[in-house]
Amino acid sequence: MRIGAHLDSADPLPAAVERKADVVQFFLTDPQGWVEPDPRPDAEAMRASEIDVYIHAPYRINVATLNNRIRIPSRKLLLSHATAAAGIGARGLIVHGGHVGKGEDVAVGFDNWRKTFTYAAKEGGFALPILIENTAGGDNACARTFDALARLWDAVGEFDAGFCLDTCHAHAGGEDLLGIVDRVKAITGRIDLVHANDSRDPFDSGRDRHDNLGHGTIDPDLIVAVVRAAGCPVVVETPGGVEGQAADIAYLRERLG
């Protein structure tokens with residue numbers, strides 16, 4: 001099983017080696033900005049590396065929203081990040097499920113997701129798998145509850161959308177981790193990546209605050225069970241720098257045998 005960490009974008013390959021990681025995930029730009037990705041000087045090294053690369057899309061992207069001033073730039077930015085990620089040999093682009101505004105019809109958000117894939121297809125298609133990630137909070141979110149996730153997949157399933165399961169987000173979002181892999185696969189048919197994170201906050205808190213494995217409010221046995229059942233690459237998005245993330249990676253490897 002391939003296990004790694006979310007790292008700073010400055011020099012992720014050496015940072016992955018420090019953590020004994022098989023997988024690296026990072027942002028191509030400021031995660032809170034609307035910036036187009038620039039070519040990376042380490043692109044050739046990324047493509048040649050034995051370390052698997054995943055890219056996380058900026059947090060600002062929200063293709064579900066009814067606000068045209070956010071939705072339309074979000075579609076364009078998602079496409080540009082997918083193209084740039086494919087250019088460095090990334091295996092997938094992770095993007096949050098997004099949400100609609102208070103009092104707005106979330107069904108429109110699901111349809112906006114469908115339109116995002118339709119838009120991309122007209123522009124030549126996404127150059128790598130788009131992995132939609134479950135989120136922790138929001139009453140109008142498109143991928144917090146699995147009832148919403150099922151409606152989202154009704155809209156995007158035909159486009160071969162991928163899925164990223166975040167354990168902290170599921171726990172904080174009110175979804176029990178026991179048996180969660182089977183429940184997700186019954187909806188999406190797949191799990192492409194697991195974000196193995198503990199949670200600082202209690203079940204159904206709606207708060208997205210990650211913690212190191214065994215240090216938060218989630219039973220670590222449940223996180224290990226999710227990783228084992230999913231059988232796909234794993235990324236820890238946990239604090240503590242080299243020491244903290246290396247410990248989390250080693251913990252998973254030891255428990256998974």
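1. Axes are lines fitted to C-alpha atoms, for helices over the stretch in contact, and angles run from 0 to 180 degrees between N-to-C directions. Under that convention, the axes of helix α7 (residues 180-188) and helix α8 (residues 220-230) cross at roughly 40° and come within 9 Å. Helices (H or I, at least four residues) and strands (E, at least two) are DSSP runs, numbered from the N terminus.

2. On the basis of the note: this is a predicted model, in which local features need pLDDT of at least 70 and side-chain atom pairs count only at pLDDT 80 or more, while totals for chains, interfaces and linings use all residues. Residues are numbered from 1 along each chain as its sequence is written, and side-chain values use heavy atoms, with hydrogens and water left out.

3. The barrel comes next. 8 strands close into a barrel, in the order β1-β2-β3-β4-β5-β6-β7-β10, and the pairing is parallel. From one strand to the next the twist averages 30°. Two strands pair if DSSP finds at least two bridges between them. Strands of a sheet pair through backbone hydrogen bonds, either parallel or antiparallel.

4. Strand β1 (residues 3-6) runs parallel to β2 and is joined to β2 by 3 bridges. In this pairing Ala5 stands opposite Val24 of β2. On to the following pair: β2 and strand β3 (residues 52-56) pair in the parallel sense over 4 bridges. Val24 has Val53 as its bridge partner in β3, and Gln25 has Tyr54.

5. Burial of these strands can be read face by face. Buried means under 20% relative accessible area, exposed over 50%, and partly exposed in between (1.4 Å probe, protein chains only). In a regular strand the side chains alternate between the two faces of the sheet. Strand β2 (residues 23-26) is covered on both faces, with Val23 and Gln25 buried on one side and Val24 and Phe26 buried on the other. β3 is also covered on both faces: Asp52, Tyr54 and His56 are buried on one side, Val53 and Ile55 on the other. Because 5 of the 5 residues of β3 are buried, β3 is largely enclosed by the rest of the structure.

6. Now the helix pairs. Two packed helices are described by the angle between their axes and the distance between the axes. Angles under 35 degrees count as roughly parallel, over 145 as roughly antiparallel, 65 to 115 as roughly perpendicular, and the rest as oblique. α7 and α8 are therefore oblique to each other. Contact means heavy atoms within 4.5 Å. Here Ile180, Val181 and Lys185 of α7 meet Val226, Ala229 and Ala230 of α8. By class, the contact of α7 with α8 has 5 nonpolar residues, no polar residues and 1 charged residue. For these classes, Ala, Val, Leu, Ile, Met, Phe, Trp, Tyr, Cys and Pro count as nonpolar, Asp, Glu, Lys and Arg as charged, and the others, Gly among them, as polar.

7. α7 also packs against α5, at an angle of about 25° and with the axes 9 Å apart. That makes α5 roughly parallel to α7. Phe146, Leu149, Ala150 and Trp153 in α5 meet Ile180, Arg183, Val184, Ile187 and Thr188 in α7. The contact of α5 with α7 has 7 nonpolar, 1 polar and 1 charged residues.

8. Helix α3 (residues 68-87) packs with helix α4 (residues 106-122) at an angle of about 50°, the axes being 10 Å apart. That makes α3 oblique to α4. Arg71, Arg75, Lys76, Leu78 and Leu79 in α3 meet Asn112, Lys115, Thr116, Tyr119 and Ala120 in α4. The contact of α3 with α4 has 4 nonpolar, 2 polar and 4 charged residues.

9. Ala82 is in helix α3. With 0% relative accessibility, Ala82 counts as buried. Leaving out residues up to four places away in sequence, Ala82 touches Leu93, Phe126, Ala127, Leu128 and Ile130. Ala82 and Gly92 are 10 residues apart in sequence, and 8.0 Å apart in space, C-alpha to C-alpha.

10. Two loop threonines deserve a look. Thr65 lies in the loop between β3 and α3 and, at 8% relative accessibility, counts as buried. Beyond four places in sequence, Thr65 touches Ile70, Arg71, His99 and Asn112. Thr135 is in the loop between β5 (130-133) and α5 (146-156), and at 11% relative accessibility Thr135 counts as buried. With the sequence neighbours up to four places away not counted, Thr135 touches His96, Gly97, Ala141, Ala143, Arg144 and His169.
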